[in-house]
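Please open the structure in a viewer and keep the selection tool at hand. The stops below proceed one selection at a time.

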Amino acid sequence: MDGLDILKKDWKKQEEHLPKFEAKEIYAMLKKKSSSIVKWIFIVSILEFVFWIGLEVFTSVQGYNDIIVDMDIDVLYNTIMIINYAVILGFIAIFFYNYQQIRITDNAKRLMKKILITRKTVKCYVWFNIIYFAITFMLMNFLVIQNMEEFQNVNIWIFMAIMFGIMLIFIGLIWLFYRLVYGFLTRKLYKNYKQLQTLDL
Amino acid sequence: MNKKLEKEFVKKLETNQNIVHKICRIYATGEAAHKDLFQEITIQLWKAYPKFRGDAKFSTWMYRVALNTAITLYRKQKKKVQTQDWDQYAFKIKAEEYDDTTEQNLKLMYQAIKELNDIDKALVFLYLEDKNYTEISTTLGISEVNARVKMNRVKKKLKELLSID
């Protein structure tokens, strides 16, 4: 008989020594807040959607629009905006669908997979935002410089390079922020999922 | 939520709470952590309870939700309270039943289990609970063959840990 089987015998005996909670204590626990990572991933994801949409609204309220109308590129600008909002709505729909699919009664592997997929949707959303932001930011800068009298004397490439640098710093900061927030939330989950996955290879 | 449902749930959990305590015993160290994990499992069970149809046994359903909470949803609290006494009763073995070597081995075995990763702990837990490989494989979502292979590896690992000490 190996060690684990000896333990198995003892395992059954330990029941009498186990702690016992009264119904009253269990009632109290039901009122407590969950600290589940799914809950946190949900909250952080909602905040992300709010943040990016807020940023969108904020920049469109700023006087930026006037310059665009002046420059006759409002068709381009509107197209960019429409694509952006359509994609955001798409992401939100997928996110809620995936979130609904999370069931604690699934087997452990499927449960973890679904949580990670939900998480991935938001990650894709964020990267879409960053890349889309980067492209439109550079494009708009280019068009603005080309069209505005004040910038005629400035070397356009130097200006673009500076803008590009600023953009990289901005993206770097966002990336760092994500590593911290989600690394913290999903490290354990990801590790355990990998464990089950490599098992079935 | 429905008062009647709540009452029914609390009663069922109260009767079956040993399952949850045993999971806490494997996954949590110290009284505070034990209670914390127990509480999170209780919340998750309660959240899932309205969907519990009664087509499975309550205890079987509990294994799933409780283990999933321990492996997947639960984030360990940072605060570490040292409460040795709490864990001691895990090794409470009546002296007349075992000789010293066996008792020592059991202690070491519990310690070795604590060193395992979350998935291995789940395997050990289900094994100790006398679950067969079909149940183990459906609970974790791996094939039965792999559950067996993995279980043998865990046993070997535990044996090694014991022989080193």
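In the classes used on this tour, Ala, Val, Leu, Ile, Met, Phe, Trp, Tyr, Cys and Pro count as nonpolar, Asp, Glu, Lys and Arg as charged, and the others, Gly among them, as polar. This is a predicted model, in which local features need pLDDT of at least 70 and side-chain atom pairs count only at pLDDT 80 or more, while totals for chains, interfaces and linings use all residues. Residues are numbered from 1 along each chain as its sequence is written, and chains are lettered from A in the order in which they are written.

**First stop: a cavity**

Select Trp11(A), together with Arg25(B), Ile26(B), Tyr110(B), Ile113(B) and Lys114(B); these residues line the second largest cavity. A cavity is a set of points, on a 1 Å grid over the protein atoms alone, where a 1.4 Å probe fits but cannot get out; a pocket is an open set with protein on both sides within 12 Å along at least five of seven lines; lining residues have an atom within 4 Å of a point. The volume of this cavity is about 40 Å³, a volume being the space filled by probe spheres set on the points, with grid points joined across faces, edges and corners. Four of the lining residues are nonpolar, none is polar and two are charged.

Next, colour helices H1 (3–27) and H5 (100–115) of chain B, each of which supplies at least two residues of this lining. Helices are DSSP runs (H or I, at least four residues), numbered from the N terminus. H5(B) gives the largest share, three residues.

Helices H6 (108–147) and H7 (156–199) of chain A each contribute at least two lining residues, and H7(A) has the largest share, with twelve. By class, the lining comprises eleven nonpolar, three polar and seven charged residues.

How are the two helices packed? Their axes are 9 Å apart, at an angle of about 175 degrees (axes are lines fitted to C-alpha atoms over the stretch in contact, and angles run from 0 to 180 degrees between N-to-C directions). H5(A) is therefore roughly antiparallel to H6(A), a term for angles over 145 degrees. Their contact has 19 nonpolar, six polar and no charged residues.

Conventions
Side-chain values use heavy atoms; hydrogens and water are left out. Angles under 35 degrees count as roughly parallel, over 145 as roughly antiparallel, 65 to 115 as roughly perpendicular and the rest as oblique.
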